[in-house]
Amino acid sequence: MISQNFITQAKNWLVYFTTVFVGIYLHEIGHCVVAWVNGKRAIPTPAKEYLLDTVSSNTQLYMSLGGIIGTVLFSFIIFALYIKAPFTFPKPVFAAALASPGLYCLLFILKGRGHDATEFQEAQAAMGFSYSGHAVDYLFLFIFLLGFVLWLWFSKPPLKIIPKLFAGSVMTVIFIAGLQTVNNRIFDPLFSH
Ligand SMILES: [Zn+2]
């Protein structure tokens, strides 16, 4: 017989990864909104945006910024809802708000940049920061640390949660990498040229 605890755990992970998925999709929609506003055709797929028209280099900067805004809004809205009701707000949803910022921070620490393409640099340039600087890297570092502190403050998690956090982080990296691979394999042949 499957234990009640197992079902609860499985449900939590499902909610977590579904919310991570939604967050990434909002990021891609954020890129596309800027294209749409400029009268250009763009298609958001779950892990990548496809631009069907050519855009000016200026519009390209703002398209990059659009995705960043999507992720930042997603995290801040969840933070705000969590602060309003920290004891009843679903923890897996809160954790999902930290997934993308956490992954960007990990890449920033390991590789020196949070994003392997030039998306962050373009978004920085659109906001008036130095193209070659790290404004967006530090923005996500701030968001990640803010979320972490909020979680420590309100949830006062026990130390025994550390292995679970570690397992969750590893699974998140695998999930996002897998999502991107599957997404590109399906949609690249359709929309890339
Ligand atoms: Zn993006």
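## Close-up views of a predicted model

**View 1. Lysine 156 meets a tryptophan ring.** The charged end of K156 sits over the ring of W153, 5.6 Å from the ring centre. Here, "over a ring" asks that NZ of Lys or CZ of Arg be within 6 Å of the ring centre and within 35 degrees of the ring normal. You will find K156 in the loop between α6 and α7; helices are DSSP runs (H or I, at least four residues) numbered from the N terminus. Although K156 is not a glycine, its phi is positive, at about 40°. K156 is exposed, with 60% relative accessible area; the cut-offs are under 20% for buried, over 50% for exposed and in between for partly exposed (1.4 Å probe, protein chains only).

A word on how to read these views: this is a predicted model, in which local features need pLDDT of at least 70 and side-chain atom pairs count only at pLDDT 80 or more, while totals for chains, interfaces and linings use all residues. Residues are numbered from 1 along each chain as its sequence is written, and side-chain values use heavy atoms, with hydrogens and water left out.

**View 2. Helix α5 is mostly covered.** Seven of the eight residues of α5 are buried, namely E119, F120, Q121, E122, A123, Q124 and A126. These buried residues pack against α1, α2, α4 (99-111) and α6, where contact means heavy atoms within 4.5 Å. After α5 comes G128, with a positive phi near 90°.

**View 3. Helix α5 crosses α6.** Helix α5 (residues 119-126) packs on helix α6 (residues 135-155) at an angle of about 100°, and their axes are 8 Å apart. Axes are lines fitted to C-alpha atoms, for helices over the stretch in contact, and angles run from 0 to 180 degrees between N-to-C directions. The two helices, α5 and α6, are therefore roughly perpendicular, a label for angles of 65 to 115 degrees (under 35 is roughly parallel, over 145 roughly antiparallel and the rest oblique). On the α5 side look for F120, A123 and Q124, which meet A135, V136, D137 and F140 of α6. Sorted by class, the contact of α5 with α6 has five nonpolar, one polar and one charged residues. Nonpolar covers Ala, Val, Leu, Ile, Met, Phe, Trp, Tyr, Cys and Pro; charged covers Asp, Glu, Lys and Arg; the others, Gly among them, are polar.

**View 4. Helix α2 crosses α5.** Helix α2 (residues 57-84) and α5 pack at about 105°, with axes 7 Å apart. That makes α2 roughly perpendicular to α5. Contact residues of α2 include Y62, L65 and I68, and those of α5 include F120, A123 and A126. This contact of α2 with α5 has eight nonpolar, two polar and two charged residues.

View 5. The structure holds 17 aromatic pairs; rings of Phe, Tyr and Trp (its six-membered ring) pair if their centres lie within 6.5 Å, and planes under 30 degrees apart are stacked, over 60 edge-to-face and the rest tilted. One of them joins W13 and Y16 edge-to-face, 5.9 Å centre to centre with 85° between the planes. Both residues, W13 and Y16, lie in helix α1 (residues 4-37), three residues apart, about one turn of the helix. W13 is partly exposed at 24% relative accessibility, whereas Y16 is buried at 8%. F187 and F191 form a stacked pair, 6.0 Å centre to centre and 5° between the planes. Elsewhere, F76, F79, Y82, F89, F94 and F154 form one aromatic cluster.
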